[in-house]
Each structure stands twice: as C-alpha cells, then as structure tokens.
Amino acid sequence: MGIGADTMADLKSVCSLDSLRCHPVDQPPDTDFVPPDPTLRTLIQRKKKQDHRASLKICKNRHDLYADELERLTVGRKPEEEADMVPEGEVVLTINVYYPATFEKFTYVRPHVTLLMTGSHSLAELRDAICCVSDLQVCGEFSNTPDMAPDFISKDHYKSAFFYFEGVFYNDMRYPECQDISITTIEWAKTRNFPAYSQAKMEDTRFVDLKLKVGFPYLYCHQGDCEHLVIITDIRLTHENDCLDKKLYPLLTHKHRVTTQKCAVCHVYIGRWFTTDDQFAPSDPCLFCDKCFRMLHYDAEGNKLGEFLAYPYVDRGAFN
Amino acid sequence: MPRQRVIYSDVFYDPLTQDVEELLAHFQQTDSVRYEEFSAIWREMGFSDVFIGTTSRSELKRFCRVALATAVKYFLPPYSYQIRVGGLYLMFGLYNTQLAVPPVQIRLALRDWAQVQKFVKDSVDSGHQDVVYIYQKLVASKAIHYTAMPHLLTFLKQRKRKKEAVCEGFIGRTVAVQELYSADILEEGSNIQSQYETLKEATEEVGSKASMTQRDFTARLKDCMSEFLTWQQKTFSQHNKESGDDEDEEEEEKSAEASSSRARLLSSIKQKSYSNFQEVSKARRHRQQETVEESSSGAEQVQETLQRRRPPSLRARTWKSLGVTREECRHQSWLLSAPEQQRVAVRRTNQTPPFKP
C-alpha cells in the first residue's frame with residue numbers, strides 16, 4: 001500500500017492481539033465454567049444451560065469423546081515424500097455416502113460415511129473407498145460344506161457399478177467382467193418423457209471434470225440393486241491445516257456405527273451363520289457365531305448332524 | 001431412541017446475534033472506522049468471553065463456526081461501510097480469541113469474493129490503513145477457507161423457516177441515485193431531446209401531431225432525484241441525531257433507548273424501502289415514455305410490489321403457461337390512468353377468492 005515504516009509500526013501496535021485481550025495476562029479465565037454475572041446474552045444462556053446440567057446427574061457423554069476422533073488423527077498430517085504432497089490450489093470435496101435405506105424402521109438418524117477427496121481423484125477411487133456390506137455377501141447354501149464359504153464373495157462376482165451425476169451415468173469398466181448396468185435405466189428413460197441421459201467411464205473422470213450441485217442427492221449403485229445416496233456437502237480449497245498426504249485420500253472423517261447382532265447362543269460374538277429349518281435352533285431363523293455353529297451342528301470330525309439349511313451371514317456392522 | 005436436539009445446528013444463534021448487534025451498534029455510534037475504537041468496545045464488553053463455558057469439543061467447534069459465520073454476515077453487503085468494517089474487525093477478533101484447537105476457519109464463499117475485493121480496494125483508495133492491515137493479517141495467518149457455499153451443509157429438517165431479521169439500522173443507504181445525479185446523463189438526455197424536437201419540426205407532416213417524449217422529461221427527473229436525495233439525507237441524519245442524544249445517559253437506558261430507536265428505525269425504514277420501490281418504478285415509467293400521473297399511483301405500487309415479492313401463485317403460473325401473463329395485466333393497469341377504485345376492483349378479480357369451508 002505504500003506506507004512508511006513508522007505507520008507500519010503504529011499499525012502493528014494498535015492492531016496487535018493484545019487489543020483483544022479482555023483479562024489481564026496473568027489471570028486467564030477458567031474456560032470450563034461461565035463466570036458469574038455475565039453481561040453477554042450468549043453467556044447468560046449458557047449459564048442457564050450449565051446450571052440445568054449441573055442439577056441433573058449425567059456422567060460424561062462417551063459420544064463426545066469419539067466424535068471427532070477420525071478427524072483429529074489426520075489433521076495437519078504431512079507426507080514423508082514431497083511428491084505425495086497435495087498441491088496448492090487443489091480442491092477438497094466432502095462427500096456423504098449414505099447406507100442403503102431400510103424402511104422397516106424410520107429413524108431420524110441417516111447413517112452415512114463422510115469421505116474427503118481431492119479434485120484430481122477419479123470416481124473409481126471413490127468407488128473403491130466405499131465399503132458396503134452387500135459386497136461381502138455370499139450367495140448359496142453351505143450346510144454341507146461349511147469350510148468352502150469364503151470363495152464366493154459378491155464383490156468378486158458382480159463387479160459392475162455406476163455413479164449418477166447430473167444426467168450422466170459413470171460406469172466402472174476396469175474389469176472385463178464389468179457390464180454396463182446403467183443401460184437398462186437409460187433405455188427405460190428413452191421410452192418415457194425423460195431428457196436423454198449419457199454415459200461415461202468412471203475411471204476416466206476426475207472430480208474436477210464434473211459439474212456438481214452441493215447438497216443435491218446423487219446415486220451410487222452396485223451389485224445391481226444396492227443403491228446408495230451420495231451427497232456432496234462441501235467444496236473448498238485446501239488449507240495448511242488439512243491432511244496434506246495424498247496417499248491418505250480418500251479420507252474417512254465420519255462413519256456411523258451400526259449395532260451388530262450377536263450369536264443367539266453366546267451373545268458375545270457377532271453372528272456369522274444364519275440357519276433355517278434347523279431342529280437344533282431355538283428359533284427360525286437363527287443366528288450363530290462360527291464356534292457355536294460348528295459345535296452345535298457338526299461333530300468332531302466335521303460331519304453334519306441333523307437337518308438344517310445354513311447360509312453365511314454378513315452383519316451390517318461388519319465395517320465398524 | 002428419542003431424537004436428540006442438536007444445539008447450534010442452525011446457521012445463526014440468536015443470543016450471539018444479539019450480542020454482535022449490540023457491539024456493532026456501539027461501534028456505529030462512535031462514527032469512526034478506526035480499530036482502536038472497536039477494540040475499546042470489545043474490551044469493554046469482554047467479548048472474548050463468548051467462548052467460555054462450552055465443555056464438549058464438538059460443541060465448541062460448532063459454536064466457533066456459527067460465531068465466524070455471524071461475523072462474515074456483517075462483512076458482506078448490503079450493510080453500510082462502517083458496519084462492514086466492524087464485521088471485518090469482528091472476524092479478526094473472534095478468529096484470534098477462539099478456544100478451538102485446531103482453529104476453525106472463516107468461510108468465504110465464491111460468490112462473495114468479488115464484493116470482498118471491491119471492499120478492500122475501496123479501503124485502500126480511501127486510505128483506511130488499519131482496515132487493510134487487519135484484512136491482510138487475516139489472509140496471512142491463513143484464516144480463510146475459500147469455499148463454494150457460504151455455510152456448511154447440515155441436514156436437519158427445519159420445522160419453520162425462520163426469516164432472518166436484518167438489522168435495518170446497519171444497512172448502507174443506496175448511493176445509486178446520487179451517482180446518477182452526478183453523471184451527465186441528464187445533460188445528455190436533454191440534448192437528445194432537443195435534437196429530437198428539431199428533427200420533428202423539420203418533418204412537417206408529423207411535426208405537431210405525434211410526440212413520443214414529454215417536454216419537461218429531464219426537469220422532472222431531476223426534481224425526483226433531488227427530492228429523493230434530500231429526503232434520504234434528512235431521515236438518515238435525523239436518526240443519527242437521535243442516537244447521538246443517548247450517549248449522555250447510562251448504559252442500561254442506552255440499550256433500552258437503542259432498542260426503541262431501533263424499533264422506530266425499523267418502522268421508518270420499512271416506509272423508506274417502499275418509497276425506494278416507488279422511485280425505481282417511476283424512473284422505469286419515464287424510460288418507457290408513457291403519460292402517467294405521478295401522485296395517484298404511489299399507494300397501489302406499494303401494494304403491488306408487496307404482492308410481487310411473494311413467489312408466483314399457482315394461478316399466476318398457470319396463466320403464464322397458458323400465455324396470458326400477469327405482467328401484461330399489471331402493465332395495462334398502469335397505462336390507464338384510472339381512478340383508484342377501479343384499480344382496486346381490477347386487482348380483486350385477479351386474486352383467488354378466499355377459501356370457505
């Protein structure tokens with residue numbers, strides 16, 4: 001601005017942080033409790049709340065402790081190598097991926113996963129970062145061959161997936177098994193009065209190339225029918241306080257924990273087997289953990305005892 | 001599990017907004033933009049204590065976000081320059097005294113960026129060095145997040161959309177009319193008109209029969225503008241004088257006076273804003289070059305603009321899609337210099353009858 005050194009020194013002294021200090025330096029106020037006789041309305045309100053809370057006997061809330069745990073771990077992390085540093089001017093997106101909706105029970109909470117991504121990441125990387133339990137589902141009845149179960153994970157069988165942003169379907173075409181599952185929707189839309197949709201490849205599109213609306217719901221579909229709502233909540237430029245290590249992105253900042261269902265016998269381990277028509281089970285259907293299942297249904301040599309149908313079960317909270 | 005109400009989940013927090021408005025009202029009364037004055041008021045009110053008392057970390061982060069968003073609100077238009085400077089100082093103060101670690105950043109949206117640049121340029125041109133210094137200090141300490149949207153998106157269903165009350169006393173007065181006055185548009189207009197008149201006289205057939213302009217067009221425009229300017233200065237300085245008298249009284253009475261004068265401000269400013277609309281539409285009519293009476297149409301325009309401010313009703317939208325525009329109907333009511341009663345009758349038939357069960 002072209003001002004002299006004296007004016008600069010003046011400015012510095014006037015606008016220093018000392019001017020904002022309301023209490024003398026050697027008497028810092030107690031930041032946990034509101035001081036008595038507050039004049040500001042915010043403090044009056046807060047004091048009321050504090051007094052009310054003191055009258056109830058609630059112990060410390062566990063949720064508060066873990067609330068920002070994930071974010072705290074990654075804030076301000078710098079990479080070891082220079083090449084992995086997120087460049088200046090890079091855009092960071094905050095994406096909420098919601099768990100597939102269950103309509104049996106209407107809840108006020110919308111469980112979701114929050115991921116941070118940079119603009120130069122491709123959609124395929126986002127897809128890889130989304131963990132859904134439906135990917136781990138195993139189809140088939142395995143009562144006769146309980147040890148062969150892990151060979152048939154759905155993720156390996158049905159690799160197709162697509163994203164839908166602003167009228168364009170982005171398909172995953174990385175593997176030869178991937179089919180274009182969006183074509184059905186596009187053709188159906190053509191027969192009705194919908195504007196024409198187009199297609200593109202997921203792995204070729206980066207976030208900077210997309211046209212997005214903040215807060216608008218988009219779709220991620222995989223396994224043919226498992227649909228997730230995707231909402232972009234925030235877009236901003238990178239800042240020195242962000243995690244600057246490119247390798248850590250997509251970064252998980254928030255994840256809803258789902259309550260897991262435990263074994264019907266021990267109530268300790270998470271259920272991994274789901275049986276129907278089972279003469280040993282107390283209810284139909286019934287959930288067992290691996291140990292209890294084998295102990296109850298198979299003898300020491302591994303022979304099947306009795307009649308039952310067993311399916312491997314993946315609990316919703318498998319990613320907790 | 002019962003639904004848990006999250007505190008500070010809305011964008012702004014009422015008691016905090018009241019505190020901030022009080023601070024800015026004191027600052028406005030000092031009639032200066034110097035940082036020393038602001039920091040004196042800050043210290044007097046003990047404003048850095050707003051952060052005290054929040055125990056949980058997430059609460060504190062949310063509160064800091066809300067506080068900074070409130071400060072940014074006063075930094076952007078339509079507030080007057082002094083209030084915007086106050087907003088900038090407030091941003092600086094809150095950012096540096098916040099208790100959250102790591103500090104919560106100030107969000108600046110893309111659409112406001114041009115306004116901010118203009119503000120800084122104006123400050124540089126006017127030589128307000130402390131304003132520029134504070135701004136540069138904020139930028140240098142990496143306090144700003146450059147975002148796409150001004151507020152962080154949260155998903156809580158709002159039962160009732162609360163209309164944010166804009167503190168009327170802080171809004172900057174419009175200077176558009178002044179600029180128009182100082183520009184030489186009036187001269188140009190009169191030149192063009194005289195040229196037109198001479199050309200018209202030259203063509204003998206048309207000469208005296210048709211006239212597209214009013215003879216005293218520029219004179220009337222000038223009258224309107226000067227009337228507006230004098231009225232603006234009169235009302236604005238009147239309120240300044242009123243608030244100036246309060247300084248001798250005690251602090252509680254001052255705040256009571258300020259709130260009652262604020263109420264008076266609100267009511268008078270509402271009238272001001274209606275006449276603002278009146279002014280604009282008058283000018284538009286002149287440009288359209290129709291012959292209309294000045295006085296009678298004032299009140300109707302107030303009501304018509306009130307109606308226009310609401311989103312178009314279903315009836316209006318259907319009419320529009322069928323090809324009959326509501327604008328045309330309104331235009332016609334302007335063209336006819338009809339007496340007041342008839343105009344009211346026209347409007348009544350346009351409205352849907354009230355529902356009777």
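This is a predicted model: local features need pLDDT of at least 70, side-chain atom pairs count only at pLDDT 80 or more; totals for chains, interfaces and linings use all residues.
Let us begin with the overall make-up of each chain. Chain A contains eight helices and eleven strands, while the secondary structure of chain B consists of 14 helices and two strands. In chain A, 36% of the 320 residues count as buried; in chain B, buried residues make up 40% of 357. The accessible surface of chain A is about 19,400 Å², with 54% of that area belonging to carbon and sulfur atoms. For chain B the accessible surface is about 21,400 Å², and carbon and sulfur atoms contribute 55% of it.

If you take the contacts in chain A with a separation of 6 or more, 63% of them are between residues 24 or more positions apart. In chain B, 74% of the contacts between residues at least 6 apart join residues at least 24 apart.

Now turn to chain A and look for its open sheet of three strands, which has the order 10-9-11 and antiparallel pairing. Strand 10 and strand 11 (309-312) are the edge strands, each pairing on one side only. On average, neighbouring strands of this sheet are turned by 30 degrees against each other, direction ignored. Strand 9 and strand 11 of chain A are joined in the antiparallel sense over four bridges. For a landmark on this pairing, find Phe274(A), whose bridge partner in strand 11 is Tyr311(A).

The peptide bond joining Asp284(A) and Pro285(A) is cis, with omega about 0 degrees. Another cis peptide bond runs from Tyr249(A) to Pro250(A), with omega near -5 degrees. Pro250(A) is placed in the loop between strand 7 (226-237) and strand 8 (251-255) of chain A. These features are worth a look because most residues other than glycine have a negative phi, and most peptide bonds are trans.

The cysteines of chain A come next. How many disulfides are there over all chains? The count comes to zero. Two cases show how the geometry leads there, with a disulfide requiring sulfur atoms within 2.5 Å. For Cys221(A), the closest cysteine sulfur belongs to Cys226(A) and is 7.4 Å away, too far for a bond. For Cys289(A), the closest cysteine sulfur, in Cys292(A), is 3.4 Å away, which is also too far for a bond. Cys221(A) counts as buried, at 2% relative accessibility, and Cys289(A) counts as buried too, at 3%.

Moving to chain B, start with helix 3, which covers residues 57-75. This helix has 19 residues and reaches 27 Å from its first C-alpha to its last, close to the 27 Å expected at 1.5 Å a residue. Of those 19 residues, 16 are buried, so helix 3 of chain B is largely enclosed by the rest of the structure.

Helix 6 of chain B brings the two chains together in this tour. Its twelve residues should span 16 Å at 1.5 Å a residue, and its end C-alpha atoms are 16 Å apart, which agrees. Which residues of helix 6 of chain B are buried? They are Asp130(B), Val131(B), Val132(B), Tyr133(B), Ile134(B), Tyr135(B) and Leu138(B). The cover over these buried residues includes helix 1 (5-14) of chain A. From chain B itself, the cover includes helix 2 (35-45), helix 4 (81-97), strand 1 (106-109) and helix 5 (113-126).

Helix 6 of chain B is followed by Lys142(B), whose phi is positive, near 55 degrees. Lys142(B) is found in the loop between helix 6 (129-140) and strand 2 (144-147) of chain B. With a relative accessible area of 43%, Lys142(B) is partly exposed.

Definitions and conventions. Residues are numbered from 1 along each chain as its sequence is written. Chains are lettered from A and ligands numbered from 1 in the order in which they are written. Side-chain values use heavy atoms; hydrogens and water are left out. Buried means under 20% relative accessible area, exposed over 50%, partly exposed in between (1.4 Å probe, protein chains only). Contact means heavy atoms within 4.5 Å. Accessible areas come from the Shrake-Rupley method with a 1.4 Å probe; for residues, only the protein chains shown count as cover. Two strands pair if DSSP finds at least two bridges between them. Axes are lines fitted to C-alpha atoms, for helices over the stretch in contact, and angles run from 0 to 180 degrees between N-to-C directions. The expected span of a helix is 1.5 Å times one less than its number of residues.
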